[in-house]
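Subject: The structure we talked about

Hello,

Here is the structure I promised to pass on. Please open it alongside this email, and I will walk you through what I found.

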Amino acid sequence: MPDNPNRRQLLTLGAALAATGLTVGDAAPAAARHSAPAGGEEPLDIAFLVFDGLVPLDLVGPLSVLGATGRAGGPPARLHFVGPDLTPIPGGGGLQWVPTATYDTLPRPDVLVVPGPGQPSILMRDRRLLDYIRAAHPHTRVTFGICTGVLLLAAAGILRGRSATTYWAFADELPLSGARFRRRRWVVDGRIVTSAGVSAGMDAALVVAARLWGERAAGRGQAFLEYDPEPPFDYGRVENLPDADEDHMWSLFQAERARVREVLT
C-alpha cells in the first residue's frame, strides 16, 4: 500500500533528524522512542510548537543546534512537533509542518520551544495555544521563546517580572506584559530562555543545550554545525542601517505593533 504523502514527508524529516541524533515523535522506531540511554536516564521530550505563520528559521535553527549536540555525542532526545491536532499545517514557500503530538498527548514536555510567528498578534489571541503554554511551563526544565515567540510567552502571562528579549521591532511592546526587556541576543531568567530575532535563536539554543547537557556537549554541537558566523555586513542591528533604511524597517511593523499593544493592554 503506498504511503500517505504526509507520512512520506514525516518519515523523510525523521530520517534527517536521526542523522543529527534526534527522533521525531512516532516517526522514530518504537525501540528508539522507549529505550533509555546508557546509565538509565530517559531521553528528554523536546516540544516545538508549530502553527500557521511560523517563521521557518525560528524552528529549523534551534532544531539543528539541539540535533547537532546529540549527533556529536550528547544525550539522546525525542523531538515532537506539537499542534492542536495532527492536521498538517501550511508553512509557506512549499513547506509544511506535520504535528507528531497534540496539546493533549504531550501536556508536560521537558523542554518547550516556542518559535515566532510572522504576525504575533494573531497567535496571541489563540486561547488553546496560550492555555497549553501556561499548563506546560510549570513542568519544564526549560521554556524557550524565540523571536516573536517570546510575545506568545508574554501573552500567556509567564513573563511578568522576568527579564526577556524579543525581536527588535517589539522592544517597546514586550514590557506591557510586565516583562523587563533586555536588548541582548539571548536572556536567561530562571527556567526561561528567550532570544532576539530569528538567527539569535541558534545562539540561544546553544545556551539551552549547555543548560541541559553541559557546555562541552553544546560546544561539540556548535563545532559539528561549524557555527562560526562572520556576516559580510555590519547591519545585524537595525540601528546600524542608514537612517532612511532604519525608518523603512520600522514602518514595516507599525500596524502589527499596534495590534500587539492592543492584545497586551
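To begin with, how much of the accessible surface of the protein belongs to carbon and sulfur atoms? The share is 53%, out of an accessible surface of about 12500 Å². Please keep in mind that this is a predicted model.

**The protein as a whole**

The protein has 265 residues, and 49% of them count as buried. Its secondary structure consists of 10 helices and 12 strands. If you take the contacts with a separation of 6 or more, 65% of them are accounted for by residues 24 or more positions apart.

**Helix α3**

Helix α3 covers residues 56-71, which is 16 residues. From first C-alpha to last, α3 reaches 22 Å, close to the 22 Å expected at 1.5 Å a residue. Its buried residues are D58, L59, G61, P62, L63, V65, L66, G67, A68, T69 and G70. Just after α3 comes G73, with a positive phi of about 110°.

**Where α3 meets α8**

Now for the partner of this helix. α8 is made of residues 215-225, and its axis comes within 7 Å of the axis of α3, with a crossing angle of roughly 105°. The two helices are therefore roughly perpendicular, α3 to α8. On the α3 side the contact involves S64, V65, A68, T69 and R71, and on the α8 side A217, A218, G221, F224 and L225. Sorted by class, the residues of this contact are 6 nonpolar, 3 polar and 1 charged. V65, A68 and T69 belong to this contact, and they are also listed among the buried residues of α3.

Helix α7 runs over residues 200-213. With its 14 residues, α7 reaches 20 Å from first C-alpha to last, close to the 20 Å expected at 1.5 Å a residue. Is α7 enclosed by the rest of the structure, or open to the outside, and why? It is largely enclosed, because 12 of its 14 residues are buried. The buried ones are A200, G201, M202, D203, A204, A205, L206, V207, V208, A209, L212 and W213. Just after α7, G214 has a positive phi of about 100°.

The axes of α7 and α8 come within 7 Å and cross at roughly 145°. Here M202, L206, A209, A210 and W213 of α7 meet E215, A217, A218, Q222 and L225 of α8. By class, this contact has 8 nonpolar, 1 polar and 1 charged residues. In α8, A217, A218 and L225 take part in the contact with α7, and they also take part in the contact with α3.

**Two strand residues to look at**

H80 sits in strand β3, residues 77-83. H80 is buried, with a relative accessible area of 11%. Although H80 and A101 are 21 residues apart in sequence, their C-alpha atoms are 6.2 Å apart in space.

T102 lies in strand β6, residues 101-102. T102 is buried as well, at a relative accessible area of 11%. Beyond its neighbours within four places in sequence, T102 is in contact with V82, G83, P84, D85 and L86.

Happy to go through any of this with you.

Best wishes

Methods. Residues numbered from 1 in each chain as written. Predicted model: local features only at pLDDT ≥ 70, side-chain atom pairs only at ≥ 80, totals over all residues. Heavy atoms only, no water. Helix = DSSP H or I, 4+ residues; strand = E, 2+ residues; numbered from the N terminus. Expected span 1.5 Å × (residues − 1). Buried < 20%, exposed > 50% of the residue type's maximum accessible area, 1.4 Å probe, protein only. Axes fitted to C-alpha atoms, helices over the stretch in contact; angles between N-to-C directions. Parallel < 35°, antiparallel > 145°, perpendicular 65-115°, else oblique. Contact = heavy atoms within 4.5 Å. Nonpolar A, V, L, I, M, F, W, Y, C, P; charged D, E, K, R; others polar. Areas by Shrake-Rupley, 256 points an atom, 1.4 Å probe, with all protein chains shown as cover.
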